[in-house]
Amino acid sequence: MIIVKMNSTTVECSIAASELHEIGLTPEAVVNGAENTTSFFAQLNREVGAQLDYDPETEVMMMSKNMMMDGSVRIFAVKMSNDDIQKAADRIRGAAETILRTLTQERVDEVKAKTGKEKGIALNEVITNVTDTINRIYGRDMESSDAPEDTQFSYQPLSEYARYMMEFTDLKQIERFAKVVQRLPIVDSSLYRHEDRYYLMAGLMSADESIIYDMRRAGVEYSEMLTVNAPEAMFIEEHGQCIIGEDAIVHLADLSK
């Protein structure tokens, strides 16, 4: 098992399927939290707790488990203090209030009143607005997730294509990010500058949860902010200075070599 301490509150653990089989476990059992994985997670909690200086009396340890395409399992462990819990709650509450304002009965009635193709377009607009709001929960403070312990995170996109926008203050960080994600199915990418910030746009074409997970993990790790299908991207494209118009990921990854 490979354990990497990403920062003072987050540890990434990767374990190959062959390693799991050696101790009598399967990737599916680990991801699903089967009864026979109790001792495995108890040992993992001890090792991760030591890495993060975890205090079980005042802090909570959160874990997300993801099975990768090669059968390996990737686990993120995040230590949360009371302040982290409050920030996560405030963020989720804000998103919920925004959703309630977006999905009013009046708006639903407008969709129901439409006919033919217009009904589908209006419904898709409502769903997209709600999805965008949920996606904005992903950001630098995503490490303060409020999900229950040992929760398996999953994400099922409405379509295979998703438009990501990452905000950076340092060009070197953009190069590192590009190097990490260059092998993902990114079909278009461009780089903009607005005021003193850089904005990288990237269109990911995939419905594979592990690929989406890798894209978002890299965005959270290297950028100041990550959004998905957000209308703010249009503002940056209209008002920002275009530095690299096409294949920005490829060009930026080459710079880091």
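This is a predicted model: local features need pLDDT of at least 70, side-chain atom pairs count only at pLDDT 80 or more; totals for chains, interfaces and linings use all residues.
In what order do the five strands of the open sheet lie?

1. Sheet order. The strands of this open sheet are arranged as β8-β5-β7-β6-β9, and their pairing is antiparallel. Its edges are formed by β8 (225-228) and β9 (241-244), each of which pairs on one side only. From one strand to the next, the twist averages 25 degrees.

2. Pairing of β5 with β7. Strand β5 covers residues 161-168 and strand β7 covers residues 197-205; the two run antiparallel and are joined by eight bridges. For a reader tracing this pairing in the structure, Phe-168 has Tyr-198 of β7 as its bridge partner.

3. Pairing of β6 with β7. These strands also pair in the antiparallel sense, over eight bridges. Ser-189 has its bridge partner in β7, namely Ala-202.

4. The turn between β6 and β7. The two strands form a hairpin, with two residues between them. Glu-195 lies in this turn and has a positive phi of about 55 degrees.

5. Pairing of β6 with β9. Here three bridges join the strands, which run antiparallel. Strand β9 is one of the edge strands.

6. The helix across the sheet. Helix α9 is formed by residues 232-239 and lies across β5, β6, β7 and β9. Relative to β6 (186-194), helix α9 runs at about 65 degrees.

Definitions and conventions:
Residues are numbered from 1 along each chain as its sequence is written. Side-chain values use heavy atoms; hydrogens and water are left out. Two strands pair if DSSP finds at least two bridges between them. Helices (H or I, at least four residues) and strands (E, at least two) are DSSP runs, numbered from the N terminus. Axes are lines fitted to C-alpha atoms, for helices over the stretch in contact, and angles run from 0 to 180 degrees between N-to-C directions. Contact means heavy atoms within 4.5 Å.
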